[in-house]
Amino acid sequence: MLVNKAYKFRLYPNEEQTVLIAKTIGCSRFVFNRFLSQWNETYQKTGKGLTYSACSAELTQLKKELTWLKEVDSHSLQSSLKNLADSFDRFFKKQNSAPRFKSKKNKVQSYTTNIEKKNQLPEVSIAGNRMKLPKLGWVRFANSREVQGRILNATVRRTPSG
């Protein structure tokens, strides 16, 4: 039987990593909002929304136009597209209301990075009191308990206290 567990740790990034975390959160929000507006336009015109694969292909083209999207973790951008597609699926099944735009003024902001390369070295790993995250490298964190099992994804969340 598979058991999924969530662990919550406080990160202590240096100044470079703090800037990169802020950029990644901003880029994830930008991608979510941009594709949400496209999805809404398409839904109003045709009565059907877009698909995740169509948005993912367009994201690749968008990265060529907007070079600042290449600075951040690509998994976080794909993850925000997956979240958008899932929220529209739940909306069409009448489980939730329609997705709304993400605001910069929200108190808690976050991004999620997924681990997709199963045969290669893990992109998220823990050694002592340091955690390796994609694009950020090794970040110090408060290691309060032992992590058991394989790490599937990591969510970096920024609170008002930092």
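What percentages of helix and strand does the chain show over residues 1–48, and how far apart are the end C-alpha atoms? In this predicted model, residues 1–48 are 67% helix and 4% strand, with 38 Å between the end C-alpha atoms. The UniProt record, an unreviewed entry, assigns to residues 1–48 the feature "domain: Transposase putative helix-turn-helix".

The chain as a whole contains three helices and six strands. In sequence order, these elements are arranged as β-α-α-α-β-β-β-β-β. The C-alpha trace spans about 55 × 40 × 35 Å along its principal axes.

Two helix pairs were examined, both involving α3. Helix α1, formed by residues 15–46, packs against helix α3, formed by residues 74–92, at an angle of about 35° and with an axis separation of 9 Å. The crossing of α1 past α3 is right-handed. On the α1 side, the contact comprises Thr24, Cys27, Ser28, Val31, Phe32, Phe35, Leu36, Trp39, Asn40 and Tyr43. These residues meet Ser76, Leu77, Ser80, Leu81, Asn83, Leu84, Ala85, Phe88 and Phe92 of α3. By class, the contact of α1 with α3 consists of 13 nonpolar and six polar residues, with no charged residue.

Helix α2, spanning residues 52–65, also packs on α3; their axes come within 10 Å and cross at roughly 145°. This crossing of α2 past α3 is likewise described as right-handed. The residues contributed by α2 are Tyr52, Cys55, Ser56, Leu59 and Lys63, and those contributed by α3 are Ser74, Leu77, Gln78, Leu81, Lys82 and Ala85. Six nonpolar, three polar and two charged residues make up the contact of α2 with α3.

At least two lining residues are supplied by each of β1 (11–12), α1, β4 (130–133) and β6 (153–158). Strand β6 gives the most to this lining, namely six residues. The lining of the largest pocket divides into 18 nonpolar, nine polar and six charged residues.

The second largest pocket has a volume of about 520 Å³. Of the 25 residues that line the second largest pocket, Phe32, Asn83, Lys102, Asn106 and Ser110 are the closest to its centre. Two or more lining residues come from each of α1, α3 and β2 (109–114). The largest share, seven residues, belongs to α3. In the lining of the second largest pocket, eight residues are nonpolar, 13 are polar and four are charged.

Terms used: Residues are numbered from 1 along each chain as its sequence is written. This is a predicted model: local features need pLDDT of at least 70, side-chain atom pairs count only at pLDDT 80 or more; totals for chains, interfaces and linings use all residues. Side-chain values use heavy atoms; hydrogens and water are left out. Axes are lines fitted to C-alpha atoms, for helices over the stretch in contact, and angles run from 0 to 180 degrees between N-to-C directions. A crossing is left-handed if the near helix is turned anticlockwise from the far one by less than a right angle, and right-handed if clockwise. Contact means heavy atoms within 4.5 Å. Ala, Val, Leu, Ile, Met, Phe, Trp, Tyr, Cys and Pro count as nonpolar, Asp, Glu, Lys and Arg as charged, and the others, Gly among them, as polar. On a 1 Å grid over the protein atoms alone, a cavity is a set of points where a 1.4 Å probe fits but cannot get out, and a pocket is an open set with protein on both sides within 12 Å along at least five of seven lines; lining residues have an atom within 4 Å of a point. Grid points are joined across faces, edges and corners, and a volume is the space filled by probe spheres set on the points. UniProt positions are given in the numbering used here, feature names are shortened, and annotations may be inferred rather than shown by experiment.
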